[in-house]
Amino acid sequence: MSIKLTRILAVGLTLAIAACATTPPPAVDMNPPPRKAMDAKTQLESGRKF
C-alpha cells in the first residue's frame, strides 16, 4: 500500500511542479503602431504642415 501512495504523491508533486513552471502567454498588444513623423521633404511635397 505504501508503494501506491508513494507513486500517487510523486505524480501529484510532478503535476504541481509542471503547473507552476508554465507561464501564461503574453498579452497581445492590440494598439496600432505609432504614426511616423513627417520629415521636411515630405511636408514640402505634400503641402501639409504638422
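Thr-42 counts as partly exposed in this predicted model, because its relative accessibility comes out at 32%, and the buried class stops under 20% while the exposed class begins over 50%. Thr-42 sits in helix α2.

As a rule, an α-helix has 3.6 residues a turn, so residues three or four places apart point the same way. Side chains of opposite charge can then pair when their charged atoms come close. Both Lys-41 and Glu-45 are exposed. A search of the whole structure turns up 1 salt bridge.

Now for the other helix. Helix α1 takes in residues 2–21, 20 residues in total, and reaches 28 Å from its first C-alpha to its last, close to the 28 Å expected at 1.5 Å a residue. The number of buried residues in α1 is 0, so this helix lies largely in the open.

What about the chain as a whole? Its secondary structure amounts to 2 helices and 0 strands. The radius of gyration is 29 Å, well over the 10 Å that the globule rule gives for 50 residues, so the chain is more spread out than a compact globule. Along its principal axes, the C-alpha trace spans about 85 × 15 × 10 Å. Buried residues make up 0% of the 50 in the chain. The chain exposes about 5,300 Å², and carbon and sulfur atoms supply 68% of that area.

Key: Residues are numbered from 1 along each chain as its sequence is written. This is a predicted model: local features need pLDDT of at least 70, side-chain atom pairs count only at pLDDT 80 or more; totals for chains, interfaces and linings use all residues. Side-chain values use heavy atoms; hydrogens and water are left out. Helices (H or I, at least four residues) and strands (E, at least two) are DSSP runs, numbered from the N terminus. The radius of gyration is taken over C-alpha atoms; the globule rule is 2.2 Å times the number of residues to the power 0.38. Buried means under 20% relative accessible area, exposed over 50%, partly exposed in between (1.4 Å probe, protein chains only). Accessible areas come from the Shrake-Rupley method with a 1.4 Å probe; for residues, only the protein chains shown count as cover. The expected span of a helix is 1.5 Å times one less than its number of residues. A salt bridge is a side-chain nitrogen of Lys or Arg within 4 Å of a carboxyl oxygen of Asp or Glu.
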